[in-house]
Amino acid sequence: MKRIVVGVDGSEPADRAVDAAAAISVATGAELILVTASVLPIVVKDELESYPQAEPQARQDLERLLVDPRPACLYRARGRAAGKGVKSIEALAVIGDPAEEIVGAADRRHADLVVVGRRGRGSLESIVFGSVSLKTMQLAKCPVIVVP
Ligand SMILES: Nc1ncnc2c1ncn2[C@@H]1O[C@H](COP(=O)(O)OP(=O)(O)OP(=O)(O)O)[C@@H](O)[C@H]1O
Ligand SMILES: [Mg+2]
């Protein structure tokens, strides 16, 4: 077990996913890769796309302003994992579809395992699986642990 990717969204199930992944990491020495994904609002995306190509720096500045590269949930998850004794932690904030980004990060880093919560910050209590956990299970090419 070399690398474990964990999807975090600041929810309690995601915290439990971090705890479970941290326990496996401590037992095996695997690196933890925490991933949080956010999607830009369509309006903002359109604006960015029509931003003058001649001003790449301004465009970069705008992107940086619109997308906080260090979301609070990543900091919290990192602190949580470190507190459980995990030695090696990487935190990635990415833009895109969460499940696709979680699986994409796992593929690129040749992760042995993906860990997600069963539910996240969504509020439809009647649904057993959230859309991100479900899609992650559907797309993943490595084992997935889903934490209740
Ligand atoms: N934006 C995200 N970035 C990274 N991981 C995420 C993100 N959203 C959810 N996850 C991961 O997926 C798990 C399940 O969350 P999911 O979003 O599927 O459930 P939900 O919020 O209850 O439902 P839905 O979002 O479909 O309304 C979370 O515990 C977390 O591990
Ligand atoms: Mg959700």
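How many helices and strands does the chain have? Colour the model, which is a predicted one, by secondary structure, and six helices and five strands can be picked out. Followed from the N terminus, these elements run in the order β-α-β-α-α-α-β-α-β-α-β. Of the 148 residues in the chain, 30% are buried, and among contacts between residues at least 6 apart in sequence, 76% join residues that are at least 24 apart.

**The nonpolar core**

Select next Ile-4, Val-5, Val-6, Leu-32 and Leu-34, which, of the 33 residues in the largest nonpolar core, touch the most other members. This core receives at least two residues from each of strand E1 (3–7), helix H1 (12–28), strand E2 (31–38), helix H4 (72–83), strand E3 (89–95), helix H5 (98–108) and strand E4 (113–117). Keep Val-5 highlighted and display its contacts: beyond the residues up to four places away in sequence, Val-5 touches Ile-33, Val-35, Ile-102, Ala-105, Ala-106, Arg-109, Ala-111 and Val-114.

**Strands E1 and E2**

With E1 and E2 shown together, the two strands run parallel and are joined by five bridges; Gly-7 can be found opposite Val-35 in E2. E2 is mostly covered, since six of its eight residues are buried.

Stay on this strand and centre the view on Thr-36, whose place is in E2. Is Thr-36 buried or exposed? Thr-36 counts as buried because it has 23 C-beta neighbours inside 10 Å, where 20 or more are required. Leaving aside neighbours within four places in sequence, Thr-36 is in contact with Val-8, Asp-9, Pro-71, Cys-73, Leu-74 and Ala-93.

Move on to H5 and select its buried residues, which are Pro-98, Ala-99, Glu-101, Ile-102, Val-103, Ala-105 and Ala-106; they pack against E1, E2, E3, E4 and H6.

Just after H5 comes His-110, in the loop between H5 and E4. What is the phi of His-110? It is positive, at about 50 degrees, although this residue is not a glycine. As background for that value, most residues other than glycine have a negative phi. His-110 is exposed, because 9 other C-beta atoms lie within 10 Å, and the limit for exposed residues is 12 or fewer.

**Helix H6**

Now select Val-132, Ser-133 and Thr-136, which are buried in H6. Turn the view to look down the axis of H6: its buried residues fall within an arc of 100 degrees, so they line one face of the helix. The buried residues of H6 pack against E1, H5, E4 and strand E5 (144–147).

**Ligand 1**

Finish at ligand 1 and show the 23 residues around it, of which Gly-7, Gly-117, Gly-120, Gly-122 and Gly-130 come nearest. Two or more residues of this shell are given by each of H1, E2, H5, E4 and helix H6 (131–139). Coloured by residue class, the shell around ligand 1 divides into 11 nonpolar, nine polar and three charged residues.

Conventions: Residues are numbered from 1 along each chain as its sequence is written. Chains are lettered from A and ligands numbered from 1 in the order in which they are written. This is a predicted model: local features need pLDDT of at least 70, side-chain atom pairs count only at pLDDT 80 or more; totals for chains, interfaces and linings use all residues. Helices (H or I, at least four residues) and strands (E, at least two) are DSSP runs, numbered from the N terminus. Two residues are in contact if their C-beta atoms, placed from the backbone, lie within 7 Å. A nonpolar core is a set of buried Ala, Val, Leu, Ile, Met, Phe, Trp, Tyr and Cys residues joined through C-beta atoms within 7 Å. A residue is near a molecule or strand if its C-beta atom, placed from the backbone, lies within 6 Å of it. Ala, Val, Leu, Ile, Met, Phe, Trp, Tyr, Cys and Pro count as nonpolar, Asp, Glu, Lys and Arg as charged, and the others, Gly among them, as polar. The arc is that of the directions from the helix axis to the C-beta atoms. Two strands pair if DSSP finds at least two bridges between them.
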